[in-house]
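Have the model open and ready to turn around. Let's look at a few charged side chains and who they pair up with.

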Amino acid sequence: MIDLTKIKIDYELLKQFPAEFLIKNLFFPINKENNLIKIVTFDPENLDKISMIENYAACKILAEKVERNEIEKILKKGDIYQTIIKNKTSSFLQKEDVEKNDEESLTIENITDEDDSIVKLLNNIIFSAVSRKSSDIHIEVSSKAVIVKFRIDGILNRFMEPLDISNRSPLITRLKVISDLDIAERRIPQDGRFRLNINKRTIDFRVSIMPAVYGENAVIRILDREMITENLKDLSLKELGFTEELVEKINYYIRQPYGMFLVTGPTGSGKTTTLYAALNEIKSSEDKIITIEDPVEYQIDDITQIPVNEKKGLTFAKGLRSILRHDPDKIMVGEIRDSETAQIAIQSALTGHLVFTTVHANNVFDVLGRFIHMGVDTYSFISSLNCIAAQRLVRKLCNRCKEKKVLTKDILDYNRIEKKELGSEVYTPIGCQECLNTGYSGRIAIGEILELDDAIKEMILAQKPTSEIKKIAMASGMVSIRRNGIEKVENGLTSIEELNRVTVKEWK
């Protein structure tokens, strides 16, 4: 049986068959030699179908059997689904010289008179985003068009042509209806959610509607919990992309009997994923692990998970107090946002619990200032803290199209990198069908860890400048997040441009 994951797609051959024809008959052309086309299908014994394909291609067909789900995967890989969606949404694209109508009225007559075309348009947008493994859908309104963008691997991309401005209100109204929001309210932001079954998977969507100058904008967060939970079974720190040295240090601190393991970084840098990878590695039937999160994005067996519900009064602080009465061994607090939560988390770490948590900061040294500004007692905080880890996510170069380029002195100086750190050649993104012409496919983590030994703790308590603490930490063997990223560039995993996107250029 053919392994479809290893075949190289012949896009010229693929163009000979309409996307709808491939989907309807569930087959995929592999190669063509002379007057013979080799295809894969789940039912090669279906002679009527083979005859129909032969008549269409005007060629002899040689069919080999593969599993049905493998056919569906390769069709997605070949971007067939996106071609169909593009064809189906072509009638909604921006029209030339359309008069702008500032005063659009929303009446019950307008809603009842509309056909289901807007329903199909929104469904096509959502299906396209899910099939591309997007994390968010952005619907933005300009003066002349509706712009749809997908966030993939942390970057916003336009995969659809601008929609005509006449679709503005119907599209947002349809989104409000399925999210159970007030369709008549246009002046204030609204938040909602809905759930759909796509490709036999139940997917949750969180919706945020916000009024802007040219009309309401929307952002739809995609939460594919079933896929996340499936991937989480084998999730480990090493798979996230951390270096062996960093994984070794993290493994040491997450196995301590008590104290605080703190991860920092901006929104979307993978902090929660790292905490869950850590919990996944240390969970056992002997320990009770309880988490409180906003929201619970990952679901793990043998762990008690509590979602924050501020409307009902369940905040991080109140939930954490309740958790402590349930005799936990290890606690995860999704995020420390205020002084009250910080104080309770610190006390928990000081009274024999191992606490996993996150806070927003740019690097491990900025965390110290964040907690001091929250008004927590510095001595208690430092006493409770085992270590601080900071991380970012960088996009991985597409293995199919990445190319080498020679590094000149000007490039090295501009990026503040020494030649001895990187060598003379690196890989750069190009773009191909395989990576949706972005040059990247997937993401990996880079990070740094500050180990709080006695010398570092004494400097913090003595309120020494951050620059001095940093020098001592580097002298003790700490590898900065920038240096960790340069290693990824050197190994051909990412590019200098991508590293500059998530880290600050600075001399070693």
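## A tucked-away glutamate

Glu293 counts as buried, at 2% relative accessibility; buried means under 20% relative accessible area, exposed over 50%, and partly exposed in between, with a 1.4 Å probe and protein chains only. Glu293 sits in strand β12, residues 289-293. Strands (E, at least two residues) and helices (H or I, at least four) are DSSP runs, numbered from the N terminus.

Leaving out residues up to four places away in sequence, Glu293 touches several others, including Tyr276, Pro307, Phe316 and Met332. Touching here is a contact, with heavy atoms within 4.5 Å.

## Where this comes from

This is a predicted model, where local features need pLDDT of at least 70 and side-chain atom pairs count only at pLDDT 80 or more, while totals for chains, interfaces and linings use all residues. Residues are numbered from 1 along each chain as its sequence is written, and side-chain values use heavy atoms, leaving out hydrogens and water.

## Salt bridges

How many salt bridges does the structure hold? There are 23, each with a side-chain nitrogen of Lys or Arg within 4 Å of a carboxyl oxygen of Asp or Glu.

Take Glu245 and Lys249: their closest N and O atoms are 3.7 Å apart. They are four residues apart in helix α10, so about one helical turn separates them. Glu245 is partly exposed at 42%, whereas Lys249 is buried at 18%.

Arg395 and Glu498 also form a salt bridge, with closest N and O atoms 3.1 Å apart. Arg395 lies in strand β16 and Glu498 in helix α21, so this pair ties together parts 103 residues apart in sequence. Both are buried.
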